[in-house]
Number of protein chains: 2
Amino acid sequence: MTKIYLAGPEVFLQNATEIGEYKKKLCGLYGFEGLYPLDNVLELNANNPQENGLMIARANEKLIQEADAIIANITPFRGCSCDVGTAYEMGLARGLGKPVFAYSNDERFFLQRNIEELPGVNRLSDELFVDHQQMTLENFGLIDNLMLDGSVEAPIIRHQLVDKAQKYSELLGFEQCLKQLQKYLE
Amino acid sequence: MTKIYLAGPEVFLQNATEIGEYKKKLCGLYGFEGLYPLDNVLELNANNPQENGLMIARANEKLIQEADAIIANITPFRGCSCDVGTAYEMGLARGLGKPVFAYSNDERFFLQRNIEELPGVNRLSDELFVDHQQMTLENFGLIDNLMLDGSVEAPIIRHQLVDKAQKYSELLGFEQCLKQLQKYLE
């Protein structure tokens with residue numbers, strides 16, 4: 001059975017386990033098996049938080065190695081781009097030769113988000129926008145940093161969210177990725 | 001000659017090429033060759049920005065494939081975590097079996113940065129901090145998201161910056177990574 005690593009910042013939600021169960025059930029409906037970071041059962045040591053963090057990282061890397069594909073939730077997280085852990089995992093999967101699929105519950109393009117949300121954006125010419133530190137904003141009509149857009153096997157799903165409270169838990173975009181994977185495997 | 005891919009958000013600076021030249025010269029002093037994203041000479045098409053962005057992504061991936069190691073500047077970028085393009089490239093390098101090294105020009109630990117910079121952080125118990133969306137803050141005594149801390153072959157360099165204007169261009173932490181790589185190769 002095709003195994004899919006389920007990457008995304010929903011692991012930081014208070015009901016992270018529940019969201020993972022929903023995702024895994026949806027995978028099952030499409031004939032896939034979902035591997036969720038919180039599936040890992042680890043013996044953590046209360047006296048060594050750093051070692052615990054690194055143990056979780058190793059366990060997640062192992063799950064990605066076991067997986068045949070990855071579906072990443074790249075909804076912007078604490079800023080205009082996706083969670084860096086998710087970005088890392090997309091890169092890792094790509095390096096391991098596993099197909100990458102992604103969705104965002106923010107339908108805006110990267111430049112527009114940056115213009116709307118970063119402080120002190122300036123337009124220096126038709127094409128050139130900079131932030132308050134005079135650092136360029138990417139202007140390629142893409143969804144997030146170009147490395148992320150470049151990693152996927154099918155167009156990143158931009159899902160228009162109806163209820164903002166569902167920003168990290170709405171799964172319609174995720175389901176579209178399952179369909180993309182299904183088509184990819186045909 | 002050992003080739004190092006030079007990842008980091010300095011590519012968004014107005015003097016990005018100059019910083020790349022400095023980094024490559026430093027690599028040379030240690031007997032390495034630096035590969036910088038802006039080394040790529042690409043024929044961009046003014047009418048197709050999306051294809052240009054994806055072409056840059058492919059060219060960067062190719063440079064990482066050519067490299068023997070990666071040194072990533074994970075100084076926080078437009079938020080509390082590093083640039084997502086850099087995080088992706090660390091993952092890609094790791095997946096390709098290339099050793100990863102990293103430095104940050106922000107000496108604070110991840111939790112401290114989050115507490116100081118995110119709006120509406122709440123402490124729910126001794127160990128549990130959440131942001132204004134009730135999403136957990138990582139509390140492992142690490143430098144950034146645990147996947148990044150888990151990717152490196154030597155401890156991430158936390159460099160204490162003297163001049164804040166040098167946040168993305170100061171290279172002392174980078175030089176420490178060159179020393180780490182030198183030791184790694186011994």
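Two residues are in contact when heavy atoms of theirs lie within 4.5 Å. By that rule, 54 residues of chain B are in contact with 54 residues of chain A. The model is predicted.

**Area of the interface**

- The size of an interface is often given as the accessible area lost when the parts come together.
- Chain A and chain B bury about 4,300 Å² between them, and carbon and sulfur atoms account for 66% of that area.
- Of the area that chain B buries against chain A, 19% is supplied by B:Arg78, B:Tyr88 and B:Met147, more than by any other three residues.

**Polar and charged links across the interface**

- The rule finds 4 salt bridges across the interface of chain B and chain A.
- In a salt bridge, the side chain of A:Arg78 meets the side chain of B:Asp131, with an N to O distance of 2.9 Å.

**The side of chain B that touches chain A**

- At least two residues of this side come from each of helix H2 (49–66), helix H3 (84–95) and helix H5 (146–149) of chain B.
- H3(B) supplies the largest share, 10 residues.
- Sorted by class, this side has 27 nonpolar, 17 polar and 10 charged residues.

**A:Thr75**

- A:Thr75 sits in the loop between strand S3 (69–73) and helix H3 (84–95) of chain A.
- A:Thr75 counts as buried because its relative accessibility is 0%, and buried means under 20%.
- A polar contact of 2.6 Å joins the side chain of A:Thr75 to the side chain of A:Asn73.
- Leaving aside residues up to four places away in sequence, A:Thr75 touches A:Pro9, A:Cys82, A:Tyr103, A:Ser104, A:Asn105, A:Lys167 and A:Tyr168.

**A:Ser81**

- The loop between S3 and H3 of chain A also holds A:Ser81.
- A:Ser81 has 16% relative accessibility, so it counts as buried.
- The side chain of A:Ser81 makes a polar contact with the side chain of A:Asp144, at 2.7 Å.
- Apart from residues up to four places away in sequence, A:Ser81 touches A:Pro76, A:Phe110 and A:Asp144 in chain A, and B:Val84 in chain B.

Technical notes: Residues numbered from 1 in each chain as written. Chains lettered and ligands numbered in written order. Predicted model: local features only at pLDDT ≥ 70, side-chain atom pairs only at ≥ 80, totals over all residues. Heavy atoms only, no water. Buried area = accessible area lost by both parts, 1.4 Å probe. Helix = DSSP H or I, 4+ residues; strand = E, 2+ residues; numbered from the N terminus. Nonpolar A, V, L, I, M, F, W, Y, C, P; charged D, E, K, R; others polar. Buried < 20%, exposed > 50% of the residue type's maximum accessible area, 1.4 Å probe, protein only. Polar contact = N/O pair within 3.5 Å; in protein donor to acceptor, adjacent residues only side chain to side chain.
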